[in-house]
Structures are given as C-alpha cells and as structure tokens.
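User: I'm new to this one. Could you show me how to read it, one feature at a time?

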Amino acid sequence: MNASRSILILIAALWCALPALAQPYRSTVSDGNDLYMEKKYDAAKAKYKAAQTAKPERSEAYYNNGNAAYRSDDVKGALEAYKLAGERAKSKEEGARLWYNGGDALMKAGQYSEAVSAFRESLKLNPRDEDARYNLLYAIQKAAQQQQQQQQNKDK
C-alpha cells in the first residue's frame, strides 16, 4: 500500500510539472513573435532557434523562423526553415502554407521555375487557395520571361 501511494504521489507531481516543462518553449516562441511584430527579425530568429532546440518535434518555431528569415531577406534560411517545418507538418493545410511560403521565398530570389513547382505543391494540398493559384500563374509568367531573356542573352 505504501509503494502504490508513493507511485501516485510521483505521478501527481509529474502531472503538475508538465505545464512548467512546456512553458519555456511557449514563452520563447511568444517572445520571438513579439520581436517579429516589432520587425526585429534577427532577434526573433534567435528566439525561434532556441524554441527549436527545446522542442525539435514542433513545426511552429521552424515556420516562424522561416518567416523571420524571409523578412530579413535571408531567402536561403527561409527555405531551410520551411523545409524543416514541412518535415514536422501535421496537416495538409500546414503543408500547403509551407509550400506557399517557400514559393514566395523563391520568387523573392528570382527562382521562378522553382517557385512554380512550390506553388503547384501547395495547390495539391489545398486546391482552393486562390492566392496560391494567382502566384502560380504569376510565377509561370515570370519564368517564361526569364527563360526568354536568357535565350536572348545567349543569342547575342
């Protein structure tokens, strides 16, 4: 009877400690979000990286880190973060959002053909996303222009 009581006390103590264990991740992401809203993107990225270390299985910190990297013109960092977030995505909607943001980052980098692929992947996961459809058409147009310009430069 004494051993079972000790086990119950241990379980109760662990149950009470769970919110405290989760708090550092949540507060770190929240701090990163505050910095992001203040347009302090490099500081926000540092907070998101700390959150990634605390809970590497969660996609949110990777996604937010990608957004902060994108805003600070670190396209390569944004794409890496979106890829890592995608590996942890739990739903089609989340995956579609990651492909969409990746497509935007590729557009920003002038990689239009790759952006076309990203927007297509986004639409496979969420066919009703009109923004992704619009960006896909725009990326196709820009890719064709880019290819035409490269051909003209070749011909000279």
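User: How much of the protein is buried?

Analyst: Buried means under 20% relative accessible area, with over 50% being exposed and partly exposed in between (1.4 Å probe, protein chains only). Here buried residues make up 35% of the 156 residues. Keep in mind that this is a predicted model, where local features need pLDDT of at least 70, side-chain atom pairs count only at pLDDT 80 or more, and totals for chains, interfaces and linings use all residues. Residues are numbered from 1 along each chain as its sequence is written, and side-chain values use heavy atoms, leaving out hydrogens and water.

User: Which residues of α6 are buried?

Analyst: They are Y112, A115, V116, A118, F119, S122 and L123. Down the axis of α6 they fall within an arc of 170° (taken from the directions from the helix axis to the C-beta atoms), so they line one face of the helix. Their cover includes α5 (92-108) and α7 (130-155), by contact, meaning heavy atoms within 4.5 Å.

User: At what angle do α3 and α4 pack?

Analyst: Axes are lines fitted to C-alpha atoms, for helices over the stretch in contact, and angles run from 0 to 180 degrees between N-to-C directions. For α3 (residues 60-71) and α4 (residues 75-88), the angle is about 165° and the axes are 8 Å apart. That makes α3 roughly antiparallel to α4 (over 145 degrees).

Note on methods: Helices (H or I, at least four residues) and strands (E, at least two) are DSSP runs, numbered from the N terminus. Angles under 35 degrees count as roughly parallel, over 145 as roughly antiparallel, 65 to 115 as roughly perpendicular and the rest as oblique.
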